Amino acid sequence: MGSTLARRLHLAWCALVALAAALAFWMPAKEACGGEWPAPLDDVFIHFDFARAAASGHPFEWIAGQGYSSGETSPLYGLVLALGYLIGFRGYFMWVWAAFVALSSVVVAMRSTAELVAPRVAWVVPPVLVCVGLLDWSLWSGMEVALSFAILARAALAARRTHTAPPTHRSSAQWALGGWGALLVWTRPELAVVVAAFAVLAARGVRARSPWPALLRAGLPGALATLAILGLNYVMTGDAASAGARLKLLSSNPYLSDVDRARELTLNVFYLAYKPLRDERVWLFFAVASVGVLAKRTRDLTVALMASCLGYAALVSWNGAARYQNFRYYAPALEVLLIAACLGLDALARSRLRRLSSPLAILVAFGVAIGMQPEITHFTTACANIHGQQVEMGRRISSRTKTNAIILVGDAGAIPYFSGRNAIDALGLGGYHRMPFIDAAPHGEAATAEILQRLSPAMRPTHLALYPNWFSAITSHFGREIDHVTIEHNVICGGPTKVLYEADFSSMDGDAPPAGVVLDELDVADVISERA
């Protein structure tokens, strides 16, 4: 970046652009949440739950004292949030820390990407990286997406250095890339695709010798980091896959045929092409990135980034929930694409058409950013939904129940976080004394009820905080409504009304026959006995 003054000015420019983009989303959403910090997803508070437990000496637990859970798919982000909790960012102020992490991460991504390009292009990097509203929605949500952006950009810079470093420093550059790769998979496991592409890139930088040592240095740390998580999951739960993978992957659903899985995969790909490529005009960045493939200086890294983008999107499309929650699962693919687009602008700036590079970047960024308002509106509505339903229900539970209450929830984030109560996640993303709710969830309410029956009465839920449209059998047979919260213009929650019930599972322990005449019965397998 040249002189110290130029670097400082560029850092200030990055901070200004990042803050402006963030405030465009946060300010209207904060107002819609009554002045409190906004979060458009209940999953944000799942990270907060894990962070609170880790800060209290219970790492890898959803709620302290309830045992190991594989539901934290971004353990590095959980630890970063736990640091904020230890510093004093607690309750709703945890979101302030998450906002600081997001802003800092995006600035790091901007600065790191700027080091990949010519000085004149570096000044257009910040607006390019935040001009896609669909990505911004996730960047400023409080999820791990911003942190992954920073690590991706640092990994891309490390990958470049495996080619440009002096021969005596190539080995250390390859190990540095491997270290960033380990952080990537601890931020989002699907980013192993990026680690593999960068490792191949590092191996290609070794011209006269065997590529295998370089491949191992660049790829082995990421592979070991992945194996460490898989091994820990297996030892603690009996299954290497995370709870999210076991619940959401198309291959995990026992009721889908191969044709059904192919159809869902096709739908995910179709909606991905329809929304980001058409509505968000992301195809423009593919066009700009393709220029980087043509130039020798940027070709190898651009190809690695483009392969990572497509590979990541293909892998995520196997997630049955990929096209929901405003495509947040695809956000890292957009991050990789935008870094590649900056390389394309750099290639253009070094060509005979260099005078077009900056105007083109500004034109593309402006052309995409003018369509950002629908994303800001959706973000604002989603934040109002989560605040008005999940956060409100958590606070009502805190005021209406005893401190030893146990809440059965279908949303594992804000309700346990704000209620401060022990909870059982009916979908199994949270852990509860190693009981396999995650195995029961795909089979429906009857299988979940059988797990509840196996619990001692003292460990069963005292209350239910559920959607009656999701859990009609459990709520009608074992619940008595005592409160409810209804929101309007729902765009993100599982239903407009969340109901709080007082639970009564005493019928599970009785021997009396059911009232009426039993004509027939259907018993869904108890997953514990089935496993045995």
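Predicted model: local features only at pLDDT ≥ 70, side-chain atom pairs only at ≥ 80, totals over all residues.
Local features were taken only at pLDDT of at least 70 and side-chain atom pairs only at pLDDT 80 or more, while totals for chains, interfaces and linings use all residues. Residues are numbered from 1 along each chain as its sequence is written, and side-chain values rest on heavy atoms, with hydrogens and water left out.

Buried here means under 20% relative accessible area, exposed means over 50%, and partly exposed lies in between (1.4 Å probe, protein chains only).

Two helices that pack against H8 can be followed in turn. With helix H9 (residues 170–187), the axes come within 9 Å and cross at roughly 160°; axes are lines fitted to C-alpha atoms, for helices over the stretch in contact, and angles run from 0 to 180 degrees between N-to-C directions. H8 and H9 are therefore roughly antiparallel to each other, given that angles under 35 degrees count as roughly parallel, over 145 as roughly antiparallel, 65 to 115 as roughly perpendicular and the rest as oblique. The crossing of H8 past H9 is left-handed, a term that applies if the near helix is turned anticlockwise from the far one by less than a right angle, with clockwise giving right-handed. Residues of H8 at this contact (heavy atoms within 4.5 Å) include Leu 147, Ile 151, Ala 155 and Ala 158, and those of H9 include Ala 173, Leu 177, Trp 180 and Leu 184. The residues of the contact of H8 with H9 divide into eleven nonpolar, six polar and three charged. In this scheme Ala, Val, Leu, Ile, Met, Phe, Trp, Tyr, Cys and Pro count as nonpolar, Asp, Glu, Lys and Arg as charged, and the others, Gly among them, as polar.

Helix H16 (residues 331–349) meets H8 at another angle: their axes come within 10 Å and cross at roughly 40°. H8 and H16 are therefore oblique to each other, and the crossing is right-handed. On the H8 side the contact is made by Val 145, Ser 148, Phe 149, Leu 152, Ala 153, Ala 156 and Arg 160, which meet Ala 331, Pro 332, Glu 335, Val 336, Ile 339 and Leu 343 in H16. By class, this contact of H8 with H16 has ten nonpolar, one polar and two charged residues.

The loop between helix H15 (296–316) and H16 holds Gln 325, whose phi is positive at about 55° although this residue is not a glycine. Asn 326 lies in the loop between H15 and H16 too, and its phi is likewise positive, near 55°. Gln 325 counts as partly exposed at 24% relative accessibility, whereas Asn 326 is buried at 12%. Asn 319 is also found in this loop and is buried, with a relative accessible area of 7%. Not counting residues up to four places away in sequence, Asn 319 touches Lys 248, Leu 249, Asn 268 and Tyr 329.

Helix H2 (residues 43–55) is another enclosed element: twelve of its 13 residues are buried, so H2 is largely enclosed by the rest of the structure. The cover over its buried residues includes helix H3 (75–87), helix H4 (94–114), helix H12 (243–248), helix H18 (373–400) and helix H19 (414–419). H2 is followed by Gly 57, with a positive phi near 95°.

Met 393 in H18 is buried, with a relative accessible area of 0%. Beyond its neighbours within four places in sequence, Met 393 is in contact with residues including Ile 415, Ala 465, His 484 and Leu 500. Ser 419 belongs to H19 and counts as buried at 3% relative accessibility. Leaving aside neighbours within four places in sequence, Ser 419 is in contact with Gly 394, Ile 397, Ser 398 and Ala 414.

Methods:
Helix = DSSP H or I, 4+ residues; strand = E, 2+ residues; numbered from the N terminus.
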